[in-house]
Every structure is written in structure tokens, then in C-alpha cells.
Amino acid sequence: MIKTDIIIIGAGPVGLFTIFEAGLLKLKCHLIDSLPQPGGQLTEIYPKKPIYDIPGYPTVDAGELVDNLMEQAAPFKPEFTLGESAVSIDETADNQFIVTTNKGTQHMAPVVMIAGGLGVFEPRKPPVENLEVYEDKGVEYIIKDPKFYHGKRVVIAGGGDSALDWAIYLVEHKIVSELSLVHRRTSFRGHLDSVQKVMNLADTGKINLITEAEVTGISGNGKVENVTIKHKTQGEFVKEIDHFMPLFGLKPSLGPIANWGLDIEKNAIKVDTVDYSTNRPGIYAIGDVNTYQGKLKLILCGFHEGTIAVQSAFARIHPDKKNVLKYTTVNGINGF
Amino acid sequence: MADNTITVNIIDREGITHELEAPTDMNMNIMEVCRSYELPVEGRCGGMAMCATCQCYLESDHDLPEQTDSELDMLDEAFFVEDNSRLGCQIQITDNIDGIKLRLAPEGN
């Protein structure tokens, strides 16, 4: 069991800045995030995009902002559980929370801050009827162990980097017996050298490239046996396969957060703006995941919310301790 | 009609047409206009052409500016894409789209 003062669910910019503000109050944080790296949307979706409304930065790339937030938080030695998503929050008799992840990792703290942004990143699933019926029965969205596909006939759908890279990997390492890459257009948006590699492998017959086409159907007895592929001009045909991998990137969804007994409104957690607390005492929600009258989904507002929330958290964790606001300019940063 | 206002016609997923007044001087796009009228347009990425939750189909013969690479890239990976697909967030509210007719694409992107 991992023990800390504040469990922060979500390692996006707001979660990261909250480490700093908690640290000033000598509270230690442990962050949980479903992505394998900190930064949330900023790192996952738009690392190279400029942001213009962070006070003091006329412009800063999203990825650079995350790097800076990590550096700013470093003196307070935050700990992370990455690549795992928080699935449940249980409460003990002595007012501690236990947050458990999908991999069973348990974390205990007197305070939980949900800084979950848009939620948990999950694979984008194409609109193919019965797709979910075949999940883990031949339909996979993430390739965990390439060897699993040894000697198999595989269809990959998608035109981005992950579709191209896996198609190349599975063919170049001679893992699969047959690989088809199905893509809606004739051009690809992946890296140029990956696109060139795929084209070369297609020219030599090692990748069966099916463009201007989409997978529209799936069938099989208890596991994937066939997919239906619809070509833009040549109509539909059925292909015998062992595995179908739709690789269309990730999208966020509120996911398990919706089941934690919190008041939800318009896909966000309702909070009291006095301290950004939820209806469950000891659980706060900050950043894009919360909602209140006048809410603005801005990083800078999330920074404010986290700052206010840790003051309230301090009072909950140390009800008998006095606390006064200290200025970093006067006191500096006293790390752990 | 008030100055600096145009009309956009949005057909929702139930087939109902919404005639919306949209300001041309607020630097808005179709996704934002839909959201301001509380139509079911998610606009998850905030307008960066990085999700396709504001995808719509152009059903009038308005001449829109050419699609940017980032819009084409996103539509490349999106679902329910047709030849007349557009991302609402990439259509700016300007005088020359007055009377435009757009149908919301299905949810699921």
C-alpha cells in the first residue's frame, strides 16, 4: 500500500502544479495517471502547440510547460503511478481513502484530489457492429506482446503512426504470416519515413495494403474469423483473419470517475467554489474535470483551484495546526 | 438582422434544423456557435482540429476556404467521414458563409 498525504488522480498541468502548492504546506503528493507519462492532454494530444494564456509566458509550448511544471514540483519529491487508471475510491473507518487502480495498485491518503481533466484515455473504437463482442477474442487496440501474433493473419486499420509502425514491426520481424493494412485514404498522415517503408513493403508484397477502404464488419464463432472490408469503389469483400487491430489513437472519457458517488453535471464533477470540494468530504475536484457556476476550462483557472483546495486539504489533514499563507519570495522553496 | 450577424443552419442528429444567428465579429467558429446554443457538439479538443467530435457535413454549396493539413489529417483518422465532411471548429463565422447548411455527423469519434 502506497501512503501519502494527497492522492492526485490525473497528472496533467493542474495535478502537477498542485504538488507545488501542497509542498509549500509540507504535504506530499502521489499522482495516478492512465497515460505512461505526466502532462495529460498537453503531452498526449498537443505537445508542440503553443499556449498564450499562461501568466508570465507570452507563449509556451504545451510540452515545455509540462517540463517546467515537473521541474517546479521536483523539490517536493512527488511520486507517480503511471500507465494505470484509478478505478475505485474506498473510505476506511478512520477517514482515509484507498484509491485502487485497474492493475490493483493501492494508495492510501486522507485527501483525494481529482484532477482528471477530460477523463481516462481509452482507445478510439471504429463504428463496427459487434466490435466489443470480439475484444480480447481477436480484437486488440493495444499490442502488448508482439510474439502473441506469431504466424497469425492480422488486419490493422488506421493511417497514423501507431498503425504504420506496428504494421512495419510485425512484418520486418517476420512475426505474422500475413499482414493487411486498411486505410480510408491513399495517403497516410504518419511520419514520412514510416509511410515510405510501408509503401516499399507493399511493393514487395510483404504488406497487403488496402486503401480507400474501411473495415465495416466482423464475424466468427467465439473469436474473430472474418472481417468485412468495404472499398470505396469496388464494394465489400470478406477476408479470413485471426486478429483485427483498429489503431486510431486514444480519446478521453470520464470512465470510472462517474461511479464514485460524486455529483456529476454535464460530464463534470460539481464542486463548492469555497474550496473546490465535492459532495464527498475529503475529495476535491480541480481543473477541467470540475464544474461550477462561471467555470472556465483554462489551465490558469485550474492552477488557482488547486491552490485553494490544498489550503482546505491542510485543515482537514491537520485540524489542530495553524497555517498562514507564506510567500515564496520571502521564504524560498524548502523541499522535502 | 443585426449588423455583424449571419445565419447558420445546423441539422442535428434527429434531423431537426436549427437556424442560428452567429456573430462575425467574435472570432467564433461553427463548433463554438453550436456549443453556445447548447447543441450536442462536444468540441473535445477545444478547436485545435485534434478530435473529430465537431465533424459535420456541408449540405449547401457555399465555397469554404481550402481545408488545412491539420483538418485533413484529423479527418483521415475520423469515423463516419464523407466527401463533404468538415470539422466545425475549422469553419470561421464570416459573411461569406451566411445561410450555410451543415448536418452534424454521428457521435462516436
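Predicted model: local features only at pLDDT ≥ 70, side-chain atom pairs only at ≥ 80, totals over all residues.
A:Asn290 sits in strand β23 of chain A, which covers residues 290-291.

Is A:Asn290 buried or exposed? A:Asn290 has 27 C-beta neighbours inside 10 Å, so A:Asn290 counts as buried. The cut-off for buried is 20 or more. Now take A:Gly255. A:Asn290 and A:Gly255 lie 35 residues apart in sequence. In space, their C-alpha atoms are 14 Å apart.

## Chain A as a whole

Chain A has 336 residues, and 41% of them are buried. Its secondary structure includes seven helices and 23 strands. Along the principal axes, the C-alpha atoms of chain A fill a box of roughly 75 × 45 × 35 Å.

How do contacts in chain A span the sequence? Take those between residues at least 6 apart in sequence. Of these contacts, 65% join residues at least 24 apart.

## The nonpolar cores

In soluble globular proteins, nonpolar side chains tend to be buried together. Here, the largest nonpolar core has 50 residues. The residues with the most contacts inside this core are A:Ile6, A:Ile9, A:Val112, A:Met113, A:Ile114, A:Tyr284 and A:Ala313. Which helix gives the most to this core? Helix α6 of chain A does, with seven residues. Helix α6 covers residues 299-317.

A:Val112 shows what such a position touches. Leaving aside neighbours within four places in sequence, A:Val112 contacts A:Ile7, A:Ile9, A:Ile89, A:Phe97, A:Val99, A:Gly282 and A:Ile283. There is also a second, separate core of 34 residues. Among its members are A:Tyr134, A:Ile168, A:Ala213 and A:Val224.

## Helix α1 and its two partners

Two packed helices are described by the angle between their axes and the distance between the axes. Start with helix α1 of chain A, residues 13-24, and α6(A). They pack at an angle of about 35°, and their axes are 9 Å apart. The crossing of α1(A) past α6(A) is right-handed. From α1(A), the contact uses A:Pro13, A:Val14, A:Phe17, A:Thr18, A:Glu21 and A:Ala22. From α6(A), it uses A:Ile299, A:Gly302, A:Phe303, A:Gly306, A:Thr307 and A:Val310. By class, this contact of α1(A) with α6(A) has seven nonpolar, four polar and one charged residues.

Next comes helix α3 of chain A, residues 62-73. The axes of α1(A) and α3(A) come within 8 Å and cross at roughly 20°. Angles under 35 degrees count as roughly parallel. Therefore α1(A) and α3(A) are roughly parallel to each other. α1(A) passes α3(A) in a left-handed crossing. On the α1(A) side are A:Pro13, A:Leu16, A:Phe17, A:Ile19 and A:Phe20. On the α3(A) side are A:Leu65, A:Val66, A:Leu69, A:Met70, A:Gln72 and A:Ala73. The contact of α1(A) with α3(A) holds 10 nonpolar residues, one polar and no charged.

## Helices α4 and α5

Helix α4 of chain A spans residues 161-172, and helix α5 of chain A spans residues 192-203. Their axes come within 10 Å and cross at roughly 45°. α4(A) and α5(A) are therefore oblique to each other. α4(A) passes α5(A) in a left-handed crossing.

Which residues make this contact? α4(A) supplies A:Asp161, A:Leu164, A:Asp165, A:Ala167, A:Ile168 and A:Val171. α5(A) supplies A:Ser194, A:Val195, A:Lys197, A:Val198 and A:Leu201. Sorted by class, the contact of α4(A) with α5(A) has seven nonpolar, one polar and three charged residues. A:Ile168 also belongs to the second core.

B:Ile6 lies in strand β1 of chain B, residues 5-11. B:Ile6 has 19 C-beta neighbours inside 10 Å, so B:Ile6 counts as partly exposed. Not counting residues up to four places away in sequence, B:Ile6 touches B:Ala22, B:Thr24, B:Ile93, B:Asp95, B:Ile97 and B:Asp98. B:Thr24 is 18 residues from B:Ile6 along the chain. Their C-alpha atoms are separated by 7.0 Å.

How many residues does each chain bring to the contact between chain A and chain B? Chain B brings 12 residues, and chain A brings 15 residues. The side of chain B that touches chain A has seven nonpolar, one polar and four charged residues.

Notes. Residues numbered from 1 in each chain as written. Chains lettered and ligands numbered in written order. Contact = placed C-beta atoms within 7 Å. Nonpolar A, V, L, I, M, F, W, Y, C, P; charged D, E, K, R; others polar. Core = buried A, V, L, I, M, F, W, Y, C linked by C-beta atoms within 7 Å. Buried ≥ 20, exposed ≤ 12 C-beta atoms within 10 Å, placed from the backbone. Helix = DSSP H or I, 4+ residues; strand = E, 2+ residues; numbered from the N terminus. Axes fitted to C-alpha atoms, helices over the stretch in contact; angles between N-to-C directions. Left-handed = near helix turned anticlockwise from the far one by under 90°. Parallel < 35°, antiparallel > 145°, perpendicular 65-115°, else oblique.
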